[in-house]
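Hi everyone, thanks for making time for this. I'd like to walk you through one structure today, so let me put it up on the screen.

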Amino acid sequence: RAALFAPWTRRGAQQSLGAATASAEAAARAVGGVLLPVGAAWAAALEADPTAPLYAGDAYHPAPAGTMLAALTIYQRLFGEDVRNLPAHLLTRVPGLGLSAGEVEALAAAAHAAAGGRPPDPATPVPADTTRSSPGSGPC
């Protein structure tokens, strides 16, 4: 099955996250794929701690903590394993990560909130609703 990565937004542009996630979710449904709600995990992490070091210096690409959060979200979604049960003290040993066990646990909680609460994605394609138009006049 295809897995569609629903990305995070540039720092300060969180208002566009809903539209980006909805687009990725529609694409996943259309091909019978799995949605990987990484952007929703970033939103959850930043809501819990606005100072979480997810972004690199350009305020868009991920810092090591953002990459770890994406990996945890993808792992939970694809394998159905609760990432909060992973040994955080072992994940702190990832070279270049530079996070404490508590910080890794916070990332795991955000990943679980985004990925664990989603219903299963349909395994068969669900055609897009073309009876509606997007703000740009294209089909939804």
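Let's begin on the inside, with the residues around the largest cavity: Trp 8, Thr 9, Gln 14, Leu 17, Gly 39, Trp 42, Ala 43, Leu 46 and Tyr 55 make up its lining. Please keep in mind that this is a predicted model. As for volume, the largest cavity comes to about 50 Å³, and a search of the whole structure turns up one cavity of 30 Å³ or more.

Now pick out one of those lining residues, Thr 9. You'll find Thr 9 in the loop between S1 and H1. Its relative accessible area is 8%, so Thr 9 is buried. Leaving aside residues up to four places away in sequence, Thr 9 touches Gln 14, Ser 16, Leu 17 and Tyr 55.

How many aromatic pairs does the structure hold? Four. Take Phe 5 and Trp 8: the ring centres are 6.0 Å apart and the planes sit at 70 degrees, so this pair is edge-to-face. Trp 8 then has another partner, Trp 42, with ring centres 4.2 Å apart and planes at 5 degrees, so that pair is stacked. Why does this pair tie together separate parts of the chain? Because Trp 8 lies in the loop between strand S1 (3-5) and helix H1 (17-31) while Trp 42 lies in helix H2, the pair joins parts that are 34 residues apart in sequence.

Are these two tryptophans buried or exposed? Trp 8 and Trp 42 are both buried, with Trp 8 at 14% relative accessibility. Phe 5, on the other hand, has 36% relative accessibility and counts as partly exposed. Step back and you see that ring pairs link Phe 5, Trp 8, Trp 42 and Tyr 55 into a cluster.

Most residues other than glycine have a negative phi. Ala 59 has a positive one, near 65 degrees. Ala 59 sits in the loop between H2 and H3, and with a relative accessible area of 21% Ala 59 is partly exposed. The cut-off for buried is under 20%, so at 21% Ala 59 falls in the partly exposed class.

Let me turn to helix H5. H5 has 15 residues and spans 21 Å from its first C-alpha to its last, close to the 21 Å expected at 1.5 Å a residue. Its buried residues are Val 104, Leu 107, Ala 108, Ala 110, Ala 111, His 112, Ala 114 and Ala 115. What covers them? The cover includes H2, helix H3 (64-79) and H4.

Last stop, Pro 95, in the loop between helix H4 (88-91) and helix H5 (101-115). Pro 95 has 77% relative accessibility, so Pro 95 counts as exposed. Between Pro 95 and Phe 79 there are 24 Å in space, C-alpha to C-alpha, with the two 16 residues apart in sequence.

How values were computed. Residues numbered from 1 in each chain as written. Predicted model: local features only at pLDDT ≥ 70, side-chain atom pairs only at ≥ 80, totals over all residues. Heavy atoms only, no water. Helix = DSSP H or I, 4+ residues; strand = E, 2+ residues; numbered from the N terminus. Buried < 20%, exposed > 50% of the residue type's maximum accessible area, 1.4 Å probe, protein only. 1 Å grid on protein atoms, 1.4 Å probe; cavity = no way out; pocket = protein on both sides within 12 Å on 5 of 7 lines; lining within 4 Å. Points joined across faces, edges and corners; volume = space filled by probe spheres on them. Expected span 1.5 Å × (residues − 1). Contact = heavy atoms within 4.5 Å. Phe/Tyr/Trp six-rings, centres within 6.5 Å; stacked < 30°, edge-to-face > 60°.
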